[in-house]
Amino acid sequence: MNRLRGLAGLLCAGLLAAVAGCGIPDHTDVQVDGSGPAVSAGSSSFGRGEPPTRTASGADREAFVQNFLAAAAGEPERAYARVKQFIAREDRNRLAEKQGSEVAINVVRLTEKPVITENADGLLTVRLPVQQVGVLRANGVLGPPVVTDTEYQFSLRGSAEPGQEGTEAGGYYVTDPPSVLLLDTLSLRAYYQTRTVYFWNSDATRLVADQRYLPAAVPSERLVSEAVKWLIGGPSEWLRQGVSGLPDRTALINNAVKTDGRWEVNLDLPGDDRRKLEKLGIQLAWSLSDLDGPLQLTTRNQSRVTIDNLAAHRLANPVYPLTEGPQRFTVYAGAIRPLAFEAEAVGTVPIRTEDNHDIVSAAVRRAAEKTLAALVTTAGGGRQRLVTGSGAAPVQVMTPAAQTFAAIGRPVWLRPLGAAQPYGLVVADGRLYRFDDRARMVPVPVGTAGPVSAVAASLDGHRIALIVGGRLLLSAASLDGGVVSLGPVRQVATTLTDLSAVDWAQENTLAVAGSTNRSAVYEVGVDGVLESALVTDVGARVTHLAVYPGNPTYVLPTVMMMYEANGVAYRYRASSAETIRGEQVLDVPPPPAGGRAGSPTAPFFLF
């Protein structure tokens, strides 16, 4: 289980124990929003993931409001019934019910503690300042927000119904309620598990992660069926351009069952293609990453694929083609140099000495037997130029681009498979460009207005994070036909402002640099639910950010991150950062007589 899941499990255990009376934190600018309490395989939740009832808070008005913001959590078909328990009978028709796939829960982040004031008529008025995070659908997908409200107001009255004042048992009812189901991010993480499902890219050569939410109240014996249904339902909308779903009309025949220790899944699979069934087996092995043991897939026409052991199947079919761990480098006096830290592997410079000069920043990646190198270099007259190449390290041929720009951001490679043409993305003068290993640059439309200031690519090479017009956006990249194109963008909610840099921290989280009145770096979930401070006071605006993304193939105990602010390079270490010192840079020639030693800048990882 990864670092975030472990941390969130501890948080949520405490939250569940105290949620009936703890109320809302005094400030909510920094929240650790992660996965909810997981139900162990082979057991049932027995209702442990159900949110509190209306009377659980007693006379504690703050706890009642918190419980009201949790009431929609759980199995979607009962969401309206749970919420209406909190609403006064005379006002329940104000909340129009939806059924089935149309059930939609507005997920919000409280930007301040709820304000509760007592009125002269004895009612309590509640004001909720919020940030809209997204809409949670019945299929576990958290889509983008559909409303823009930054505040909700409603009233509370005593629990006695009209004509029953003498029998009041304590507690409150909501009057004049919001017209939508509300769920705050704290409650989302407390009453749901975050799950990752995997879809193949268009040529079925690489798996791409997609996030889902599963109510903790769902019995664990339904997990396999839920994962199959998620795959049948297809990817999140923003991801569709970069991946392929299962064939149309694919259906699950009854629920998955466990017989003599083996999970059995029966499918109606159009075409009855055994190769597709084998590919689905790999998808399921990774989408059920906490399950071991055997699994059998059978189609209506009796095609059959048996996975003897899910854990072994994952090892035999790694989700990411990583063969070596990360190595750290920096730019020092215009040249790439290795960095040396205790207990970490030290690399060798991946380009020739004659090409290792006038460098501003760099991106170097491994791709099978090749090394891909992209350098931003000075070009005279205050201009910059992209220089790229590929081959066995040290890369022998580096080609300069024809164009020069006033400013070029940190380039990123989209990791190719096998002998495929490698491509990358880079921001230059506020526009996004595609480049290849011969430095041919072509503009890439991003589908939204505003200057592009940063780009980052996930390990799978199909999920792209962008900062455009100061907004954090996600898009899916398609490489079909050797053309890099981006699908529709999805904005990610964050409380950070003045965003300046972004990179992928884990499969479903980003490291984002911005401001909270102080320069900071946060870890932000791909759907905006998780928002956790990594560095709360950088001291200056972050201009360069590089992260080795944690993943199931190479698990990290903590975020491995480096960044630059005000010309100084830093290494992140377990909730704090330390300056990267000159003596940690290897192979540095002595400065000329009377000259001063340089400073490490633009640190990056080779992996």
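This is a predicted model: local features need pLDDT of at least 70, side-chain atom pairs count only at pLDDT 80 or more; totals for chains, interfaces and linings use all residues.
## Helix α2

Helix α2 spans residues 61-68. Of its 8 residues, 6 are buried, which leaves the helix mostly covered. The buried set is Ala63, Phe64, Val65, Gln66, Asn67 and Phe68.

Aspartate 60 caps the N-terminal end of α2. One of its side-chain oxygens sits 3.1 Å from the backbone nitrogen of glutamate 62.

Strand β9 runs from residue 207 to 215. Because 9 of its 9 residues are buried, β9 is largely enclosed by the rest of the structure. Both faces are covered. One side carries Leu207, Ala209, Gln211, Tyr213 and Pro215. The other carries Val208, Asp210, Arg212 and Leu214.

Strand β8 (residues 192-200) is antiparallel to β9, and 9 bridges join the two. Threonine 196 has glutamine 211 of β9 as its bridge partner. That glutamine is among the buried residues of the strand. The hairpin has 6 residues between its strands. Alanine 204 takes a positive phi there, near 55°.

## Histidine 544

Histidine 544 belongs to strand β34, residues 542-548. Its relative accessible area is 7%. The cut-off for buried is under 20%, so histidine 544 counts as buried.

A polar atom of the histidine 544 side chain lies 2.8 Å from the backbone oxygen of proline 603. Proline 603 is also one of the residues that histidine 544 touches, leaving aside those up to four places away in sequence.

Definitions and conventions: Residues are numbered from 1 along each chain as its sequence is written. Side-chain values use heavy atoms; hydrogens and water are left out. Buried means under 20% relative accessible area, exposed over 50%, partly exposed in between (1.4 Å probe, protein chains only). Helices (H or I, at least four residues) and strands (E, at least two) are DSSP runs, numbered from the N terminus. A polar contact is a pair of N or O atoms within 3.5 Å; within protein, one must be able to donate a hydrogen and the other to accept it, and residues adjacent in sequence count only if both atoms are side-chain atoms. Contact means heavy atoms within 4.5 Å. Two strands pair if DSSP finds at least two bridges between them.
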